Amino acid sequence: MILSFPNMGPNWVAFKTLFEALDPSIKVILPDPTNREAIKVGVKYSPEFVCFPFKATLGDFVNVIKKGADTLVMAIDCGPCRFGFYHAVQERLLHDMGYKNVRLIPLDQADLLEFHWVKTLQEVSGKSGLFSYPKFVKAVIFFLKKAKLLQDIQTAEGLFRAYERNQGDTTDVLNNILIKLDQTNTLKELRNFKKVIKEDFNKIDVDKTRTPLRVAIFGEIHISLEPYVNVDIRRKLGEMGVEIHQNLSLWDWVSHKFHLNFHRRWLEHLSHPYVPMDIGGECQWVLGEYIDRAKSGFSGACHVYPFTCMPEVTARTIITNKLKKMYDLPIIFFSFDENYSYEGMRTRLEAFVDLIESRRKHKLGIERISYEEEKNNFYKSNGSHFFQECIQLIQT
Ligand code: SF4
């Protein structure tokens, strides 16, 4: 079996481990990083009105089929938006395109405590007996550990890039560390990997006197996590000297689906007066994040989503018409599709950064607080334990 799955940023590291550890006879191949060609193919064969992530992932599938994949895994949800239909429609399209022998396996992640995913993994490995149990447990543990470490890497990257003296250093460390994490295949090494992350990021030459602006990025999961489709917005903003905070990650999503993500519960509580239920995408959590970040001293927020995404457009409308009048947090919206150009985005990002910088200057002038003081106050009251450890590295 030659198995693959679509791109979603650095999360290939966790999914590759999951399937390889499940059964050594499974050969996992990765799609090329999403590119213009893959998008063109996805757009050509997809219904015109369908969501952009559908088109991008279809393009990835065609790419890996041409490289020899015969089994594709696609996450599915119970809806309530179009995500519930991706797998079935994509399989039909691939068969119509002539790839009749390709199997598309749906990985149900609607509620991970219903354990449908166990059956799926057993189907993939072709084994369900007692003897396959240790391998199964190992695969799941490795997947979860790598997903958590990927979140830590994302945290460090968002912080260090704002302080790097030589543009590109953080990106180099990031690319190297992903390869290292991919090659880490014992539990002992995984336990120590946080140390490796800190050591590697600590090698970056930083200017600790900087007082970066702090921007939170949130939105639809595929657009938020896949750099090609979001025109690498984290890097672009980071290289403008902005510190990036992003809760959304594979780990954030999986722990939510295991009902263990209390931060998401908090965001649901905040958004409840405006959207009292899950309407798909990240709508509820986007609203919660906007409110939460506004109360936590952030300089700005950035909402990214696919063009025509119903739940995210709903969130945008509520933020624009309601929340922006109640909370003092500037926000910029980016809706991406296959026609998005970097030039337009760069101009808007530069204007946004100028705006939030002048707002900060004005505010601190009125409050008679220095930039340094404001930065320290922010760091004292925000961020995970790992974020605080990274701050220590920068400041010492
Ligand atoms: S969240 Fe948006 S982009 Fe994703 S499937 Fe639903 S409607 Fe489409």
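Below is a quick tour of the domains, the ligand site and the cavities.

## Ground rules

This is a predicted model, where local features need pLDDT of at least 70 and side-chain atom pairs count only at pLDDT 80 or more, while totals for chains, interfaces and linings use all residues. Residues are numbered from 1 along each chain as its sequence is written, and side-chain values use heavy atoms, with hydrogens and water left out.

## Two domains

The protein splits into domain 1 (2-141) and domain 2 (209-395), with bounds that come from an automatic or database domain assignment. Their C-alpha centres are 29 Å apart. Across the divide, 30 residues of domain 1 touch 26 residues of domain 2, where contact means heavy atoms within 4.5 Å.

## The ligand site

Which residues surround the ligand? They are Cys 51, Cys 81, Arg 82, Phe 83, Tyr 86, Glu 220, Gly 281, Pro 306, Cys 309, Met 310 and Pro 311, each with a heavy atom within 4 Å of the ligand.

The ligand takes up the space of the largest pocket. On a 1 Å grid over the protein atoms alone, a pocket is an open set of points with protein on both sides within 12 Å along at least five of seven lines, whereas a cavity is a set where a 1.4 Å probe fits but cannot get out; lining residues have an atom within 4 Å of a point. A molecule sits in one of these if more than half of its atoms lie within 2 Å of its grid points.

## The cavities

There are two cavities of 30 Å³ or more; grid points are joined across faces, edges and corners, and a volume is the space filled by probe spheres set on the points. The largest has a volume of about 80 Å³, and its lining includes Phe 218, Asp 252, His 263 and Trp 285. That lining has five nonpolar, three polar and four charged residues.

The second largest cavity comes in at about 40 Å³. Pro 10, Ala 147, Gln 151 and Leu 250 are among the residues lining this one, and its lining has five nonpolar, four polar and no charged residues.

Technical notes: Nonpolar A, V, L, I, M, F, W, Y, C, P; charged D, E, K, R; others polar.
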